[in-house]
Amino acid sequence: MTQQDAHAGALVLFSGGQDSTTCLAWALTRFTRVETIGFDYGQRHRVELERRAALREGLAQCDPRWRDRLGPDHTLPIEALGAISETALTRDAEIAMGADGLPNTFVPGRNLLFLAFAAALAYRRGVVDLVGGMCETDFSGYPDCRNDTIQSMARTLSLGMDRPFVIHTPLMWIDKAATWALAQDLGGAALVDLIVEDTHTCYLGDRNQRFDWGYGCGRCPACDLRAKGWEKFKAAAGSAR
Ligand code: ZN
């Protein structure tokens with residue numbers, strides 16, 4: 001494989017949520033071969049994993065170029081993460097702020113494990129470009145979403161596997177309203193509609209209620225962020241007319 005071929009591929013951490021779906025669309029506009037990886041760790045909102053196939057199909061329909069570029073999907077079971085973490089994402093507990101100043105939805109080390117598994121898979125697939133939806137702007141204080149953490153991890157993975165890994169985080173410095181706007185730029189109304197209809201963000205895994213911004217409980221921190229971002233995005237779109 002030539003160096004150029006290696007850089008044509010990307011592996012996207014794809015959970016089936018709004019952020020990772022936007023990142024997948026971003027990758028499809030930049031890389032000629034894009035594969036996806038998802039993790040099943042017993043999360044309460046594992047309904048998001050079930051959205052992935054429909055979303056990949058929807059993205060393929062958004063743009064014929066995206067259809068040609070979309071490669072295989074990989075799902076890795078990592079029950080160990082659920083077994084070692086006592087959090088509101090993996091246990092049936094009320095979502096609340098902890099004494100450490102972090103919400104109890106924080107799964108310690110989650111993104112570090114995800115990135116290590118993703119890099120190991122990317123190594124085997126001849127890919128060095130990883131793409132993830134980590135964001136420091138709306139990050140609820142999760143320390144493993146910080147840019148410093150991600151860039152440090154890229155260096156560790158590059159050293160540990162002797163490959164020049166790059167971790168792309170297109171959402172790192174933007175808020176949820178700008179994430180909706182990015183989807184609009186990348187794939188127009190078709191992509192925004194797909195994200196509203198088929199992505200899942202709600203921590204509680206609730207898909208019984210439909211809001212303008214999609215399905216969810218409408219009350220958990222993830223629904224709250226998504227709803228506020230949508231309102232701001234719509235207000236900005238309205239004033240631009
Ligand atoms: Zn919710």
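Figure 1. Over the chain, pLDDT averages 88, and 85% of the residues score at least 70. Because the model is predicted, local features need pLDDT of at least 70 and side-chain atom pairs count only at pLDDT 80 or more, whereas totals for chains, interfaces and linings use all residues. Residues are numbered from 1 along each chain as its sequence is written, and side-chain values use heavy atoms, with hydrogens and water left out.

**Figure 2. The chain contains nine helices and seven strands.** Of the 241 residues in the chain, 52% are buried; buried stands for under 20% relative accessible area, exposed for over 50%, and partly exposed for values in between, with a 1.4 Å probe and protein chains only. Taking contacts between residues at least 6 apart in sequence, 67% join residues at least 24 apart.

**Figure 3. Four cysteines supply the protein donors of the zinc ion.** The donor atoms are the SG atoms of Cys202, Cys217, Cys220 and Cys223, at 2.3 to 2.4 Å from the zinc ion. Donors are N, O and S atoms within 2.8 Å of the metal (3.2 Å for Na, K and Ca), and sites may look incomplete because water is not among the atoms. Angles among the four donor atoms run from 106 to 114°, and the site is tetrahedral. Four donors count as tetrahedral if all angles lie between 85 and 135 degrees; four count as square planar and six as octahedral if opposite donors are over 155 degrees apart and all others between 65 and 115, and anything else is irregular. Along the sequence, the donor residues follow the spacing C-x14-C-x2-C-x2-C. Cysteine 220 is buried because its relative accessibility is 5%; cysteine 223 is also buried, at 1%.

**Figure 4. Leucine 225 lies in helix α9, residues 221-240.** With 28% relative accessibility, leucine 225 is partly exposed. Leaving aside residues up to four places away in sequence, leucine 225 touches Asp138 and Lys176. Its C-alpha is 9.9 Å from that of cysteine 202, which is 23 residues away along the chain.

**Figure 5. Glycine 205 sits in the loop between α8 (176-198) and β6 (210-211).** Glycine 205 has a relative accessible area of 22%, so this residue counts as partly exposed. Glutamate 48 is 157 residues from glycine 205 in sequence, yet their C-alpha atoms are 7.4 Å apart in space.

**Figure 6. Helix α3, residues 47-62, bends at alanine 53.** The 16 residues of α3 reach 23 Å from first to last C-alpha, close to the expected 22 Å at 1.5 Å a residue; the expected span is 1.5 Å times one less than the number of residues. The bend at alanine 53 is about 30°, taken as the angle between axes fitted to the seven residues ending there and the seven starting there. Alanine 53 is exposed, since its relative accessibility is 59%. Between the C-alpha atoms of alanine 53 and aspartate 73, 20 residues apart in sequence, the distance is 8.7 Å. Buried residues of α3 include Val47, Glu48, Leu49, Arg51 and Arg52. The buried residues of α3 pack against α2 (18-30), β2 (33-40), α4 (64-69), β3 (70-77) and α8.

**Figure 7. Helix α2 is largely enclosed by the rest of the structure.** This description holds because 11 of the 13 residues of α2 are buried, among them Gln18, Asp19, Cys23, Trp26 and Leu28. The end C-alpha atoms of α2 are 19 Å apart, which agrees with the 18 Å that its 13 residues should span at 1.5 Å a residue.

**Figure 8. Aspartate 162 has a positive phi, near 55°, in a residue other than glycine.** Aspartate 162 belongs to the loop between α7 (147-161) and β5 (166-168). Aspartate 162 counts as exposed because its relative accessibility is 68%.

Technical notes. Helix = DSSP H or I, 4+ residues; strand = E, 2+ residues; numbered from the N terminus. pLDDT = per-residue confidence, 0-100. Contact = heavy atoms within 4.5 Å.
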